[in-house]
Structures are given as C-alpha cells and as structure tokens.
Amino acid sequence: LKLEKLINYLKPAFKYLIIVGVILAVVYQRYLFCDRPGHIQSVFSPTGKAIMFALLIAVFLPRDSKLRFGDKNIFSSLGKISYGLYVYHIVVIHVLLNLCNQYCIHINTAATTVGFMVLSFGLTVLISMLSYRYFERPFLKLREKFRR
C-alpha cells in the first residue's frame, strides 16, 4: 500500500521517463551492462536489470494509475496464466528441441528460429490456458470456498 501511494505521488512525466529509460537500457544494454565473466561489473549486471524491470512493473502496478493495462488487454490475459507459462515453457522448449533433433530439423536460419519461437510460445500459451482452466481455477475456487 505504501508503494502504491509513492507511485501515485510521482508525476506522469516521471513515469514516462522510467518507461523510456527502461526501453533505452534494453536497446543499449550491451553498452550499459557488462556480462563478461570475471569482470567486476558482471556481478552487478543481473541486479541492475532486475531493479530496472521492477521499476517498470511498479509504474503499472497501482489500481488507479492512468498507466494501467485494462482487463481485456493481452498482458492481463497472459498474467492470469503466468504460472503455467513459467512452469511449462521449459518443458515445451525441450520437447520441441528433442523432436527437431529426432527428425533432423536444424534451427540455424532466421526462418526456422522464428518458426521454433512462435511454435514454442503458442504451445506454451495453449498448455498454460488449459492448465489454468482445468487445474488452477478449480483450486482457486476451492480456496475461496474454504476462506468464507
């Protein structure tokens, strides 16, 4: 609640500045963050990236923020199934990689790489949606039933 008040206290121009700053940091991360092993700056690189994205998420966090994703937005839908995305993405990627190896499909061109990414993302979203509907949601309803 204190974080929400602090974020709501910030002027919109400063919030937009955070968003633009994060976008620029992602584009120019090669120059901002050193990830070479053994380099002292590489120790702080993951922490810096985490703080940067935490600030970005915090801008959209408050309920009454003008910078907010609506309930019908694709990001809100993906947020509902985020646990499934987290759990299943690595499984889907490994299964697809094994299938590609088994059928001698090489992922070494732009087309095959994009195709692999689209297929793995699509399958992960599909599995996550099914998991949410048939597994997570019944448990969430059960939890609400016992809370009353």
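Trainee: Which helix gives the most to the positive patch?

Mentor: Helix α7 (residues 110-147) does, with three residues. Before we go on: this is a predicted model, so local features need pLDDT of at least 70 and side-chain atom pairs pLDDT 80 or more, while totals for chains, interfaces and linings use all residues. Residues are numbered from 1 along each chain as its sequence is written, and side-chain values use heavy atoms, without hydrogens or water.

Trainee: How many helices and strands does the chain have?

Mentor: Helices (H or I, at least four residues) and strands (E, at least two) are DSSP runs, numbered from the N terminus. Here there are seven helices and zero strands, and from the N terminus on the order reads α-α-α-α-α-α-α.

Trainee: Back to the positive patch: which residues gather there?

Mentor: A patch takes residues with over 30% relative accessible area and no salt bridge, joining like charges within 9 Å and nonpolar side chains (Val, Leu, Ile, Met, Phe, Trp, Tyr) within 5 Å. Lys and Arg count as positive, Asp and Glu as negative, while His and chain ends are not counted; each charge is placed at NZ of Lys, CZ of Arg, CG of Asp or CD of Glu. On this surface, K72, K80, R133, R137 and K141 form the patch of positive charge.

Trainee: Where is K72, and is K72 buried or exposed?

Mentor: Look at the loop between α4 (41-60) and α5 (74-80), where K72 sits. Buried means under 20% relative accessible area, exposed over 50%, partly exposed in between (Shrake-Rupley, 1.4 Å probe, only the protein chains shown as cover). K72 is exposed, at 83%. R137, in helix α7, is partly exposed at 34%.

Trainee: Which residues form the nonpolar patch on the surface?

Mentor: You will find V20, I23, L24, V27, Y28, Y31 and L32 there, with about 720 Å² of accessible area together. Helices α2 and α3 (29-32) each supply at least two residues, and the largest share, four residues, comes from α2. V27 is a handy one to inspect: this valine lies in helix α2 and counts as exposed, at 57% relative accessibility.

Trainee: And the inside: which residues make up the largest nonpolar core?

Mentor: A nonpolar core joins buried Ala, Val, Leu, Ile, Met, Phe, Trp, Tyr and Cys residues through side-chain atoms within 4.5 Å. The largest one here has eight: I18, I19, V22, A25, F33, M52, L56 and V59. Both α2 (12-27) and α4 give two or more residues to this core, and α2 gives the most, with four. Across the chain of 148 residues, buried residues make up 21%.

Trainee: How many salt bridges does a search of the whole structure find?

Mentor: Side chains of opposite charge can pair when their charged atoms come close. The cut-off is a side-chain nitrogen of Lys or Arg within 4 Å of a carboxyl oxygen of Asp or Glu. By that test, the whole structure holds two. R143 pairs with E144, the closest N and O atoms being 3.6 Å apart; R147 also meets E144, at 3.6 Å from N to O. Because R147 and E144 are three residues apart in helix α7, about one helical turn separates them.
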